[in-house]
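Here is a short walk through one protein model. Keep the sequence and the 3D view side by side as you read.

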Amino acid sequence: MSAASPPTGLGTVALSVVVPASCGEERLGAVLDRLRAQLDDRLGTGRGGWEVIVVDDGSIDATADVVRAAAAADPRIRLIRDDRHQGRDAAVRRGVAAAVGRRVLVTDTDLAAATDTARFGGADTDTDTHTDTDTDTDTPTDTALRPGSVAEVAPPERRRWRRWRRWPRSGRGGVVVAGLYLLAALLLYGGLWADLGGGYLADAMQDQNQWEWFFAVTADNISHLRNPLFTDLQGMPDGVNLMGNTVMLGLSVPLTPVTLALGPTFTLALVFTLGIAATAFAWYWLIRRRLGVGRRAAAAGGALAAFAPPMIAHAPAHPNFVVLFVLPLIVDRALRLCTGRAVVRDGIVLGLFAAYQVYIGEEALLLAALGMLLFALCYAAFDPGRARVAWKPLVRGLFVAAAVTVPLVAFPLWWQFSGPQSYHSVPHPAGAANSPRALIEYAGHSLFGDKETAARLSMNHTEQNAFYGWPLIAFSVAVAVWLWRRATAVRALAVTALAAAVLSLGSAIPVPRTDLVVPGPWRLLAAVPLFEFVIEGRVAMICAPALGMLLALALDRILRLRAGQQRTLGLLAVAAALLPVLPVPVPLAVRDRDPVPEFITSGAWKPYVKDGEALVPVPLPDAGAADALHWQVTADFGFRLAGGYFMGPWGPDRIGTFGATPRHLSNVLREVRYGGDPPPLGPEWQEQARRDLAYWKAGAVVLPDQDRAEELRALLTSLLGAEPERVRDVWVWRVGPTTG
């Protein structure tokens, strides 16, 4: 923070006027001229009559330059500047502390407390303070300042008492915002909460089974003091590298008591609900702190950042892309480093945040780092002077952060990339990049969306990673044009969003309505280590917080306008941009969960699968059908599974793939299950089936009731050379060493 000392010879003055200002470049010059005229008229032009102290509360525009120019013309005007936004309360306290007047008047850049010259009094006017109801900012004291009143400086002990009494009131707005975000999250996941015992998120595909299994297996490993980075409960006999999967150890480990007591479905619902609400609040906090906007504008920006169409697409299936509350904390700490005030402390905290995010979601951290790099490059291009000042402490702080992060994540990352069942790259399926149309179309879950259109333009309904809708895109472009010259951050945010959108189009970009395909900039990153694991369409998720911040900046300026046609038109424009992308249905659709076979729930499986053996469901679990993972959780991990739904290596190059490496028997069972004809069966097929079962260390093959169950039963009877037993509600073939 920088503060100007009182000009030489000014001494004590009759009246100090404190003006907290945040992004007031447009109107501040005229405000200061008007104040100077009024003060000269009432208190005289002498140096002992008055002073004006403008507290620049972390403005991102040229507010400070405007005040410096005014101060150069009149030394009775002073500037106090803070590089980061602290809020109106803090700004007023800094201004009052620096004042030398016998009385202090607190006003705002709209002069709500001092523009009426007929009532503008002198030093003997009654004391009170001002509440800026239009901008919804925090109030510095307990009561409201009437136009023309003056704030008297209280003794230090009285000021401390006022701050103590005021604390709950000043934090009340933030509590309300947090409560609204939590209410929105509860509405979103209300269907799942209403039926934790039998509900299944309809758009989760097989991911709810997988995520519940991740939470449950972590709790099982922790409670039995086993390695939380590996398990052989799936994918027998090779097992699963849990660090190479998105098990969210940063949440699944501390939530182990919750999982053990209330079950993994409860834990998943809790993580989804609190996670998305906390993410929205964290973006709100960052926007409020760094952009200096009012509470309502920041709340809208935080809501868009956390509940944007891409986030809602991931909301039924991928908590690692919904629970992002650490990312705004990382952004804020990186910005603190740029000031150079506490490089070591901020570097240590940044390193701790980064390490924790590794244990929540590595891909989200990588995307955040990419977004921050794009923003830094854009900001440096638009404001090279500030960049020259900021880069050295930033680099020093990043080295400190790396020194903290690396020891905390080194072994788990080694395990992930070099440990058992590690993999080296992930091939991207067709449609992984965004179509240019996806940026302006609506998601299938948006109010104005069409599911068929969105499905044609995305890999699947959980990977609708853009779909911001043309009204929101048009509104954001208009905001960027409107505010382009007024704030470097606006330009940097706009270009960052544009760059992320273009990168998300992939290495080859088809031009709509033509056969032309042009090279995309993603090809520069596609082979870079770590980025080869990223689905390029997800890069468009970087746009969500950038658009949220542009929305907050625009809405703040709109709300500062006096009631009238311009303000009404501005609010209508905001509504037109946001209304089409509101999520529907709310709550997220929930279907009845497929029941677990009585063979499992009753414990009837126990005589058929001995310790060290695997149960082989038909068909084997994979990314298309993973209900057997829920069976295993229901049985408290009493048996191991052949097959599974996880990321693991395939082939000599250890390419990442979903599920265990397929074998002949698993392939033919899946083909027949979904309508195919079995191959001609002979001794070679029977021998191959025996080899596959021996590889899996199978104890029993279990066929539950399902479509084409008769065809599957006939196939297995032929391959295994034995009729099955009917046990409760399944057919069972004994195939383990105890088969007699």
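Q357 sits in helix α14, residues 343-358. Helices here are DSSP runs (H or I, at least four residues), numbered from the N terminus. This is a predicted model: local features need pLDDT of at least 70, side-chain atom pairs count only at pLDDT 80 or more, and totals for chains, interfaces and linings use all residues. Residues are numbered from 1 along each chain as its sequence is written, and side-chain values use heavy atoms, leaving out hydrogens and water.

Is Q357 buried or exposed? Q357 is buried, because its relative accessible area is 0%. Buried means under 20%, exposed over 50%, and partly exposed in between (1.4 Å probe, protein chains only). Leaving aside neighbours within four places in sequence, Q357 is in contact with V326, L327, I330, E362, A364 and L365. Contact means heavy atoms within 4.5 Å.

Now look at D33, in helix α1 (residues 25-43). D33 counts as partly exposed, because its relative accessibility is 44%. D33 and A70 are 37 residues apart in sequence. In space, their C-alpha atoms are 8.4 Å apart.

Next comes L180, in helix α5 (residues 172-188). L180 has a relative accessible area of 52%, so L180 is exposed.

Finally, find helix α25 (residues 683-696) and helix α26 (residues 709-720). Their axes, which are lines fitted to C-alpha atoms over the stretch in contact, come within 8 Å and cross at roughly 90 degrees. Angles run from 0 to 180 degrees between N-to-C directions. So α25 and α26 are roughly perpendicular. Angles under 35 degrees count as roughly parallel, over 145 as roughly antiparallel, 65 to 115 as roughly perpendicular and the rest as oblique.

Technical notes
Helices (H or I, at least four residues) and strands (E, at least two) are DSSP runs, numbered from the N terminus.
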